[in-house]
Amino acid sequence: MAQGGGWLIMKREEIRRALKAVSPVSMVDTEHPKKGFHLDVTVTPGRLVQTVGVLDQEGFFIETITGVDWLGEKATLRKDAAATKDTGEATAPEVGPKAQDDDVLEVVYDFNRFDALCRVVLRVRTPRHKPEVPSITGVYQGALWHEREAHDFFGINFAGHPGLTPLLLPEDADFHPLLKDFNK
Amino acid sequence: MSAFAQTQTGETFVLNLGPQHPATHGVLRVKLVMDGEYIVEADPVLGYAHRMHEKMGENRSWHQFLPNTGRMDYLHALAYNQAYVSLVERAAGIEVPERAEYIRVITSELNRISSHLVWFGAFVLDLGGFSPLLYAFDDREVILDLLESVTGSRLTYCYFRFGGVYNDIDKNFVPGTRAFIARMRERMPMYHALVSKNIILMKRLQDVGPVSADMCRKYGATGPVARGSGIDFDVRKHEPYSVYPEFDFDIPVYYECDSMARYMVRMDEIEQSLRIIEQALNKLPEGPVMAPKVPKNIKPPKGDYYHAVEAARGSLGMRAVSDGSATPYRLKLRTPSFSNLMLFGEACRGMLLPDALAFMGSLDLVIPEIDR
């Protein structure tokens, strides 16, 4: 049975403190009725395993791991910045030859609790041209297949994973269908 | 584990189970390393029914993905309908009329019972008992007829819409469902007398397939698998959605952590679903079944959204990333059997092969839902 009331508020505060201790890049409280989760945490790849370890100690279970390809995000940001800067003349936004190189892949980890409603979303950003994040299989065995799936779909290399062989794609698959430039 | 340790000879061989084995209920292949009759290692091989629903989601409008949701877990398709429409309603801020929510709950719970009945029949069939399958399918037929009359289909439902349901129930639906509740309540004692208390079944299931609560947590196993391991976790109570808080029902929990516990959880759940349906029929409000003015072209605001529901196999979550356009930027499906099957490899180490098959049956796998 999900615990509620004061206990839950205290617990969430405790979790927030524990996560604060691993100095995340950002930590945002979100409105559950609107978003479907409570805490949105972004960490650097270097801090990932430590952060997941904190969640493990706090008694979270792993819901899922997935990726999001942010191809073109930086170009859009530059374009927006250019648009706000040059109000007068319409100059073409500066898009260098390496424009796509600094785009990122985001790896999203969903955690939840059995005893109380507290969903934590953990995000790690990794460069798109060489996507690599540490594997969390040492903390949660449940990451084994989720990481293999994310590797299938996005080509993310989970360093330290015991066997990143294709899980859902054919065994000789050398493509990553959820990348936004797949088939282009 | 002890039996395995005592008989270990060091000589092993690889046994290929599936992908077309009746016990795997679909195209699942398991590579087994065997020491005689004992399993040393089990490695499920997935992907035989992989259709890449997540990519399909990125290539069509929010509305156009609806039929896909009925084609993952073909036994409890309405839960997938529910998860997806709730997710988009959350993202786009669409209010749903109360009558529509009640109809969603009634049909979804009927579908849950039909799903458990298929599992029950097929599971007992795996264990060598043929006739319970015929009884179970007889009952399921009534549900399929009821659902067909309102949804228009018998298996791959696409009944829920953003803001409501596709059409209102007809005048035969309520009396038909009431008759089914009465019928099913009469049948349950028969099932228990015929199957649950059968000594052969008990010997096949009790103390077989241990899954600890901590294992569930580490692998993210949910649904009847977790509830058979003493974890009181059900999304309908834990993270209430739709009108579930209006109803009085219990979450069956068993603490034995074995296949029998998982069996009992599902059998008890059928009775709890009947309770929910009965209360929903009694309280069913009048009114429209669709929200007025749901835009044809839904464009949820930028951001990401998550919504979970309790499917027959566990916590089903969908995550959508919207870039504010008419097409999802990213759609992630967190399916329960995927996590439930993942622990199979660790849990069946040292088990006899026939026990492992009984264990696999108790996980209630639907392969197209794992492969997506």
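Helices here are DSSP runs of H or I with at least four residues, strands are runs of E with at least two, and both are numbered from the N terminus.

Some housekeeping. This is a predicted model: local features need pLDDT of at least 70, side-chain atom pairs count only at pLDDT 80 or more, and totals for chains, interfaces and linings use all residues. Residues are numbered from 1 along each chain as its sequence is written, while chains are lettered from A and ligands numbered from 1 in the order in which they are written.

Phi of Ser242(B) is near 50°, a positive value in a residue other than glycine. Most residues other than glycine have a negative phi. Ser242(B) counts as partly exposed because it has 17 C-beta neighbours inside 10 Å. The scale is this: with C-beta atoms placed from the backbone, a residue is buried if 20 or more other C-beta atoms lie within 10 Å of its own, exposed if 12 or fewer, and partly exposed in between.

Asp207(B) also has a positive phi, about 60°, although it is not a glycine. Asp207(B) is in the loop between helix H8 (199–205) and helix H9 (213–219) of chain B. Its 13 C-beta neighbours inside 10 Å make Asp207(B) partly exposed.

The loop between H8 and H9 of chain B also holds Ser212(B). Ser212(B) is partly exposed, with 13 C-beta neighbours inside 10 Å. Leaving out residues up to four places away in sequence, Ser212(B) touches Ser229(B) and Cys257(B); contact means C-beta atoms, placed from the backbone, within 7 Å. The C-alpha atoms of Ser212(B) and Glu256(B) are separated by 9.1 Å, with the two residues 44 apart along the chain.

Next, a helix pair. At what angle do H12(B) and H15(B) pack? Helix H12 (residues 259–283) and helix H15 (residues 353–362) of chain B pack at about 25°, with axes 9 Å apart. The axes are lines fitted to C-alpha atoms over the stretch in contact, and angles run from 0 to 180 degrees between N-to-C directions. H12(B) is therefore roughly parallel to H15(B), a label for angles under 35 degrees. The residues that meet are Ser259(B), Arg262(B) and Tyr263(B) from H12(B), and Ala358(B), Phe359(B) and Ser362(B) from H15(B).

Now the core. Which residues touch the most other members of the largest nonpolar core? Among its 148 residues, they are Val107(A), Val120(A), Tyr84(B) and Phe344(B). Such a core is a set of buried Ala, Val, Leu, Ile, Met, Phe, Trp, Tyr and Cys residues joined through C-beta atoms within 7 Å. Helix H5 (residues 98–126) of chain B contributes the most, with 14 residues. Not counting residues up to four places away in sequence, Tyr84(B) touches Phe65(B), Leu66(B), Thr69(B) and Met318(B).

Chain A, finally. It has five helices and seven strands, and 36% of its 184 residues are buried. Of the contacts in chain A with a separation of 6 or more, 63% join residues 24 or more positions apart.

The contact between the chains takes 26 residues from chain A and 31 residues from chain B. On the chain A side, helix H2 (32–35), strand S3 (61–69) and helix H5 (143–154) each give two or more residues. S3(A) supplies the largest share of that side, six residues.

Terms used:
Two residues are in contact if their C-beta atoms, placed from the backbone, lie within 7 Å. Angles under 35 degrees count as roughly parallel, over 145 as roughly antiparallel, 65 to 115 as roughly perpendicular and the rest as oblique.
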